[in-house]
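Subject: Structure handover and findings

Dear colleague,

Please find below the structure that I am handing over to you. My account of what was found in it comes after the display.

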Amino acid sequence: MVSMRACEDEEEGADLYGSTRPRVLVVDDNSEMRRVVLDTLRQEGYEVREAASARMLLDMILQIETSAFPMDGIDLVVLDHRMPGMTGLDAMRILRQADKRVPAILMTAYPEGRVQADAASLDVMVLPKPFTRADLRRSVQLKLGVDSRH
């Protein structure tokens, strides 16, 4: 798989970390779920980072200068909705208010009306639980604009 961003990197050279692979930050308080998502994305060739809470996500991203793109090496955030202390949507709301436009996918077992509407207003894709690894791969490819034929 090659994203448009990766093609640009290959033409200009690798990023500061020496990588041209899309970078995904996975945020989930459930270590087992986080591991499954991380393993799936690694198998697909993505460079992955992880955080165990919405607060850790905010600490990582809010330190990045507003004009920085991509988000300090983060091309996509895949996060759980229900986490202790702060929901995934609350974290995304804070990021959007801080003008952080990183693409995001929200994993939730409760994708009903209000969650869907709030996610849509924040330009966050909803991935309903339970989902398969194939569902996860398709969602990530779609959000990153990756052609699944590569």
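The notes below go from the overall fold to the sheet, the cores, the helix packing and the charged pairs.

**Overall fold**

Please bear in mind that this is a predicted model. The protein contains six helices and five strands. Read from the N terminus, its elements follow the order α-β-α-β-α-β-α-β-α-β-α. Of the 150 residues in the protein, 47% are buried. When contacts between residues at least 6 apart in sequence are considered, 67% of them join residues at least 24 apart.

**The sheet and the helices on it**

The five strands form an open sheet with parallel pairing, in the order E2-E1-E3-E4-E5. At the edges are E2 and strand E5 (124-128), each of which pairs on one side only. From one strand to the next, the twist averages 20°. Strand E4 (residues 104-108) pairs with E5 in the parallel sense, over five bridges. Within these two strands, methionine 107 stands opposite leucine 127 in E5.

Two helices may be described together with the sheet. H2 packs on the sheet and touches strand E1 (23-27), E2, strand E3 (76-80) and E4. The direction of H2 makes about 170° with that of E2. Helix H3 (residues 54-61) also packs on the sheet, where it touches E1, E2 and E3. The direction of H3 makes about 145° with that of E1.

**Nonpolar cores**

In soluble globular proteins, nonpolar side chains tend to be buried together. In this model, the largest nonpolar core has 24 residues. Those with the most contacts inside this core are Leu25, Val27, Leu57, Ile61, Val77 and Leu79. At least two residues of the core come from each of E1, H3, E3, helix H4 (88-97), E4, H5 and E5. A second, separate core has 19 residues, including Leu38, Leu41, Leu76 and Met125.

Leaving aside neighbours within four places in sequence, valine 27 is in contact with Ala51, Ser53, Ala54, Leu57, Val77, Val78, Leu79, Asp80, Met83 and Met107.

Is methionine 86 buried or exposed? Its relative accessible area is 13%, so methionine 86 is buried, the cut-off for this class being under 20%. Not counting residues up to four places away in sequence, methionine 86 touches Ala54, Arg55, Leu58, His81, Ala91 and Ile94. Methionine 86 and alanine 54 are 32 residues apart along the chain, and their C-alpha atoms are separated by 6.0 Å.

**Packing of H2 and H6**

H2 and H6 pack at an angle of about 65°, and their axes are 10 Å apart. The crossing in which H2 passes H6 is right-handed. On the H2 side the contact involves Val36, Val37, Asp39, Thr40, Leu41 and Gln43; these meet Arg133, Leu136, Arg137 and Val140 in H6.

**Salt bridges**

Side chains of opposite charge can pair when their charged atoms come close. The model has 13 salt bridges. One of them joins the side chains of arginine 137 and glutamate 44, at 3.7 Å from N to O. This pair links distant parts of the chain, 93 residues apart: arginine 137 is in helix H6 (residues 133-144), while glutamate 44 is in the loop between helix H2 (31-43) and strand E2 (47-51). Arginine 137 counts as partly exposed at 26% relative accessibility, and glutamate 44 is partly exposed at 25%.

Two further bridges lie within single helices. The side chains of aspartate 118 and arginine 114 meet at 3.6 Å, N to O. Both residues belong to helix H5 (residues 113-121) and are four residues apart, about one turn of the helix. Aspartate 118 counts as buried at 15% relative accessibility, whereas arginine 114 is exposed with a relative accessible area of 64%. In helix H6, aspartate 135 and arginine 138 are three residues apart, about one turn of the helix. Their side chains form a salt bridge of 2.6 Å, N to O. Aspartate 135 is partly exposed, with a relative accessible area of 25%.

Finally, a network of salt bridges links Glu32, Arg35, Asp39 and Arg42. One of these residues, Asp39, is also among those of H2 that meet H6.

With kind regards

Technical notes
Residues numbered from 1 in each chain as written. Predicted model: local features only at pLDDT ≥ 70, side-chain atom pairs only at ≥ 80, totals over all residues. Heavy atoms only, no water. Salt bridge = Lys/Arg side-chain N within 4 Å of Asp/Glu carboxyl O. Buried < 20%, exposed > 50% of the residue type's maximum accessible area, 1.4 Å probe, protein only. Pairing = 2+ DSSP bridges. Axes fitted to C-alpha atoms, helices over the stretch in contact; angles between N-to-C directions. Contact = heavy atoms within 4.5 Å. Core = buried A, V, L, I, M, F, W, Y, C linked by side-chain atoms within 4.5 Å. Left-handed = near helix turned anticlockwise from the far one by under 90°.
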